[in-house]
Amino acid sequence: MSRFPPFSRYEMNAASARVREQLAHLRRHLRSQAILDEATARLATRLNIRPGEAAEQLARMAQHSGLELTEVARGIEPLPEQELEQPEVPQWVRGMLAGVHASAIFLTPVQDDAGRVVDFLVLAANKHARTPAGRTADDLAGGRLLAVSPGVAGSGLLDDYIAVYETGEPLHHMPMEFVEAMDYRLWPATLSVRASRVDEGLLVTWRILDDEELLVSGWERAQRLAELGWGEWNLATERTLWTPQMYEMFGRDRADGPMALEELPSVVVADDLPLMDEQIRTLLEFREAVENEFRIQHRHGVRHLCVYSEPILDGDGVPIKVRSLVQDVTKNRRRERALAVAHEQATKEKERAEQEHRITVQLQDTILPIRRGLISLPGLSVGVRYLPGEELASLGGDWFKARLITDGRVLLAIGDAMGHGLTAASIMLQMRSGLAGLAYTGAPAGRLATWLNDLIVHSNEGITVTGTAIIGHFDPEPRTFAWTNAGHPPPVLIRDGQGKPIEGVTGTLLGAFDAAEFGMTVTQLEPGDTLLMYTDGVVERRGQDLDAGVAALVRASHACVGDDPEQMIDCVLERLGADSATDDVCVIAARVL
């Protein structure tokens, strides 16, 4: 019998009602987004401008009229069909399109008065052409691309096509998440897209992935996230199959092909060769499955691999194949070593065993907070991410807070204790736990920063410790974010697909002076806005100043716009290469509902 009491029917019904309410809210938001996407494309076509400029124009129209943005968007009518003069389609274009088995169109540029490419004309489409919303070749041919496929603006494909036309560099997205907008509805699909310049136009082909391909794509993503690889060695034909992740784990170039089974010992660390020998003997001599962990010499250093292997036997019980599932557990081992060192140092500094145990647990909770997740708060959907440094010397003092406080506001804070190692972790603990207590006073963010500064200064007399932080309160009713900045990189506001750092009053570092006052900034937010807060590990790179790093983050945010804050964080970190950064990485993405 389960030790957990069963749910009552009331509890189950209440939970279902909450889910239905959340889904209804999400669907209303999706419909509003579809209206805005179509209106932006229509306005861009009507004014012969780029979609980003059209979105700004639409926002100004709403501001001047005093109406809701969606109400103004509903009033943007599409252009009459066949408004543009249709050029004759060359025979070679028709022949080229006829030879493509996927959906294909040939585009020619549409320019504004300044000569910029702002859109494309669909000169011709092949018989296979079909968009996620169901438009066919007859619907596409002869129309402006933004008019027949408004989703190319929000997805970034239009910008990609312009870049292909202007640079001549071909494009291949495989796979990509594409959302079409038609009839005030969104039509999401996973596509494989290619584009290349041909003469004075673009050849664009795409294919909508079927269910089997989506499952394969999902499995490949799961392998990357879990750092899993799979390999098979055919002992009879000497043919070896590897998944892409195996090449990453073994530090091998794909052009060189997978490693033969007899080559594996050559990359194993000498001390672990007996483990490898025992694994091969178990597979080939005893003909049994085996699980082992050993270290290999990777081009980026030593890696820890956990290997699950099994022999495939023929009818006579002779091994004919060996299959292995491999997981890279290097980060886990490094984290364990870092925590072990931190525990040892904490133990040496304390006299009483009980105090040593309590401090070690607190440090572990600080060094390894919740690493990722999606938090639902009043008026916000908040994604969080914390990636600790891989080495003890790189463990920093990054921290974040995202919680509801008693007066109905949402506390959003992020910070970084200066330095690395155990000292930074202990200062981080002071900052996080201190703010958690002070926040319940309901004081404004500037006052909280002043109190936090006093706490750091007077709790560490005799030594100078400093840190940076952004502390703010989101009020869900007026959708305002009242915040203060204590020497921290500025947050980025992403609105209508465009991101920019928010200018605010910047104060001194926490702990730098005995007495400090911090100014306040109030930022008005809108539904659909995303507030991106981060630590310097996201934007700092060797040989590059901080402004350049922030600019790179802003560019990455343009390509990572979406409704899911967690997916946005994944996308931004991947584009910046921050998942391999040596310093701590901490990010909060708060999307306004």
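Strand β17 (residues 492-495) pairs with β18 in the antiparallel sense over four bridges; pairing requires at least two DSSP bridges between two strands. Within this pair, Arg495 has Gln498 of β18 as its bridge partner. The model is predicted, so local features need pLDDT of at least 70 and side-chain atom pairs count only at pLDDT 80 or more, whereas totals for chains, interfaces and linings use all residues. Residues are numbered from 1 along each chain as its sequence is written, and side-chain values use heavy atoms, with hydrogens and water left out.

Both strands belong to an open sheet of six strands in the order β11-β12-β22-β21-β17-β18, with antiparallel pairing. β11 (372-377) and β18 (498-501) stand at the edges with a single partner strand each, so one side of each has no neighbour in the sheet. The twist averages 20° from one strand to the next. Strands are DSSP runs of E with at least two residues, and helices are runs of H or I with at least four, numbered from the N terminus.

Angles, from 0 to 180 degrees, are taken between N-to-C directions of axes fitted to C-alpha atoms, for helices over the stretch in contact.

| Helix | Strands touched | Angle |
|---|---|---|
| α17 (residues 546-558) | β17, β18, β21 (530-534) | about 160° with β18 |

Elsewhere, helix α8 (residues 157-167) has Leu157, Leu158, Tyr161, Ile162, Val164 and Tyr165 as its buried residues, buried meaning under 20% relative accessible area, exposed over 50%, and partly exposed in between (1.4 Å probe, protein chains only). The face turned away from the buried side of α8 carries the exposed Glu166 and Thr167. Gly168, with a positive phi near 80°, follows α8.

Terms used
Contact = heavy atoms within 4.5 Å.
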